[in-house]
Amino acid sequence: MAAGALLVGRTNDVGCDLLEQAVGVCEAGELVFQLPSVHAALGLWSVWSGELDRARRHARRAVELARQIGRPGWEAIGLTGLAAAAVLQGDHGQAQQRLAKAQEMLRSRALEGSQFETWLRPWLALAAYASGDLDTARATAEAIVRIGRGSGSRWDEAIGQWLLGMLAHGQGRSDDARAHLQASRALSADPRMPLPLGRSLLGLAALAKQDEDLEDAWGLAHDGLETLDDYGDRVGAAAALETIADLATALSEPARSLRLLAASERFHTESGIARFPAQADRFDRARHAARAALDDTEATTCWEEGDPLSLADAVAYARRGRGERLRPRIGWASLTPVERDLVRLVAQGHTNAEIGERLFISVNTVKKYLTRVYAKVDVDGRAELAAEVARARDAPARECSREGCGCG
């Protein structure tokens, strides 16, 4: 249960590590009944870390054990984990086959409408999207939003809104895309759910670039990268690098663009993860634009400089680039995404303990963040911070230039 809370609200890596510990506890204690669920969860969540072999290993074990002891719901989730790995690898036929089998298993055991089907639906939408079946993808995403809203699940509704935004953007329906992505962002910001939050930020960055608001796009893309990298979503972090690279050339930094693209290409090659159609098109356009902005020798050199970078090294390089270009060291605009969340919660009157619970961090970590925020925005304490936010909120929108202050 602790792992589940971490996977939704804080960190994929630590959540999966706890699940690995749970496997060891169950095996040592011969708690066979619990093993399918733990393996199935690992099979489904490990894909976001880019570890497809690990995901498949656990998903297969979930299917095997669930069949042995008669737990069809977890067998279906094990099949979903295998399908998820196939979706990210670009094997559409295998993904559809696994998902169809999982759906049939839930139907035959009267498990439709259960939590098992809730875990299955996002992958039905993603598999349909990746294979070009946009009507099915949209209908499935709409169902996720509707069911999430009806059950009060912000997670499901945020995921569904992100999926709808991604689909609308791909079809050139920018206004619809922005509405869905903004909804996903709002739903996943408080309480914080990094996976849909980070991905909705990347979608909004792409729309801002389309509107030629490059500075806003740059900030959104880096917010998305920070959110996804801190969470441990390496698939999302690689997509964020490519979003930033696409913007870098437009901001007269083609050398940075090529280094980031080369590093992302290495990650995709080594992990075996394929890009979704829109991402593949953007990658090709970004690489062509960056190379065209440099002479052949310099372009080749930049690519060769980026190619040896691990994903972690490339993310660090990209995050330094944000500070070099935009984020000041002090002031409201210097606040990181986590610091902005903390400011908002302080302004709402939450205690340190309550903030820690909402952000899944310790009280001591809350205090450390607060000390850093006070120094950045030049206030003497909690009361003055809340007062500054209140003043900004009460001021006319045109007069508030304190980006990140929490007044919105």
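**Exercise 1. Locate Asp378 in this predicted model, and determine whether Asp378 is buried or exposed.**

Step 1. Asp378 is found in the loop between α20 (363-377) and α21 (382-394).

Step 2. The relative accessibility of Asp378 is 64%, and since the cut-off for exposed is over 50%, Asp378 counts as exposed.

Step 3. The backbone deserves a look as well, for Asp378 has a positive phi of about 60° although this residue is not a glycine.

**Exercise 2. Find where Glu30 lies, and state what its phi is.**

Step 1. Glu30 lies in the loop between α2 and α3.

Step 2. Its phi is near 55°, which is a positive value in a residue other than glycine.

Step 3. With a relative accessible area of 66%, Glu30 is exposed.

**Exercise 3. Work out how helices α1 and α2 are oriented to each other, and which residues meet where they touch.**

Step 1. Helix α1 covers residues 2-9 and helix α2 covers residues 12-28, and their axes come within 7 Å and cross at roughly 160°.

Step 2. Angles over 145 degrees count as roughly antiparallel, and therefore α1 and α2 are roughly antiparallel to each other.

Step 3. The crossing of these two helices, α1 and α2, is left-handed.

Step 4. On the α1 side the residues are Ala2, Ala3, Leu6 and Leu7, and they meet Asn12, Val14, Gly15, Cys16, Leu18 and Leu19 in α2.

Step 5. Sorted by class, the contact of α1 with α2 has eight nonpolar and two polar residues, and no charged residues.

**Exercise 4. Carry out the analysis for helices α3 and α5, beginning with the angle at which their axes cross.**

Step 1. The axes of α3 (residues 35-45) and α5 (residues 72-89) come within 8 Å, and the crossing angle is roughly 20°.

Step 2. That angle makes α3 roughly parallel to α5, because angles under 35 degrees count as such.

Step 3. In passing α5, helix α3 makes a left-handed crossing.

Step 4. From α3, the contact is made by Pro36, Ser37, Ala40, Gly43 and Leu44, while α5 brings Trp74, Ile77, Gly78, Thr80, Gly81 and Ala84.

Step 5. By class, the contact of α3 with α5 has six nonpolar, five polar and no charged residues.

**Exercise 5. Explain why the buried residues of helix α19 are on the same side.**

Step 1. In α19, which covers residues 352-359, Asn352, Ile355, Gly356 and Leu359 are buried.

Step 2. These residues cover an arc of only 100° around the axis, which puts them on the same side of α19.

Note on methods: Residues are numbered from 1 along each chain as its sequence is written. This is a predicted model: local features need pLDDT of at least 70, side-chain atom pairs count only at pLDDT 80 or more; totals for chains, interfaces and linings use all residues. Side-chain values use heavy atoms; hydrogens and water are left out. Buried means under 20% relative accessible area, exposed over 50%, partly exposed in between (1.4 Å probe, protein chains only). Helices (H or I, at least four residues) and strands (E, at least two) are DSSP runs, numbered from the N terminus. The arc is that of the directions from the helix axis to the C-beta atoms. Axes are lines fitted to C-alpha atoms, for helices over the stretch in contact, and angles run from 0 to 180 degrees between N-to-C directions. Angles under 35 degrees count as roughly parallel, over 145 as roughly antiparallel, 65 to 115 as roughly perpendicular and the rest as oblique. A crossing is left-handed if the near helix is turned anticlockwise from the far one by less than a right angle, and right-handed if clockwise. Contact means heavy atoms within 4.5 Å. Ala, Val, Leu, Ile, Met, Phe, Trp, Tyr, Cys and Pro count as nonpolar, Asp, Glu, Lys and Arg as charged, and the others, Gly among them, as polar.
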